[in-house]
Amino acid sequence: MSKNDVIEAEGVVVEALPNATFKVKLSNVSNEYVITAYISGKLRMNFIKIIPGDTVKLEMSPYDLTKGRIVWRSKN
C-alpha cells in the first residue's frame, strides 16, 4: 500500500483514550460513525495537544475503516 491509497476524512474528537488515542466522530458520513484514531508522528513530535471538541483531519486505510491516524488539528 502506498501513501496515495489512504482515505481522508474530517471529524470531531469525542473522547480522549489512553496512549494518545481518541474516539472521533466522522462529519462527512450521514450516520453517526465513530472510529478510533491515534496521533501522527509530526503532531506528537511538535507537542500538538488535542482535546475533545477539536476538529481534526484523518487518514484511514481502505482495508480497516475502524481505525485512523490524525494528521491535522484545525485552528478554530
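Predicted model: local features only at pLDDT ≥ 70, side-chain atom pairs only at ≥ 80, totals over all residues.
Residues are numbered from 1 along each chain as its sequence is written, and side-chain values use heavy atoms, with hydrogens and water left out.

The protein chain comprises one helix and five strands, arranged along the sequence as β-β-β-α-β-β. Its radius of gyration is 12 Å, close to the 11 Å given by the globule rule for 76 residues, so the chain is as compact as a globular protein of that length. The radius is taken over C-alpha atoms, and the rule is 2.2 Å times the number of residues to the power 0.38. Helices (H or I, at least four residues) and strands (E, at least two) are DSSP runs, numbered from the N terminus.

The largest nonpolar core holds 14 residues, of which Phe-22, Val-24, Ile-50, Val-56, Leu-58 and Ile-70 touch the most other members. Such a core is a set of buried Ala, Val, Leu, Ile, Met, Phe, Trp, Tyr and Cys residues joined through side-chain atoms within 4.5 Å. Two or more residues each are contributed by strands E1 (7-17), E2 (21-26), E3 (34-39) and E4 (55-60). Beyond four places away in sequence, Phe-22 touches several residues, among them Val-13, Ile-35, Ile-50 and Ile-70, a contact being heavy atoms within 4.5 Å.

How values were computed:
Buried < 20%, exposed > 50% of the residue type's maximum accessible area, 1.4 Å probe, protein only.
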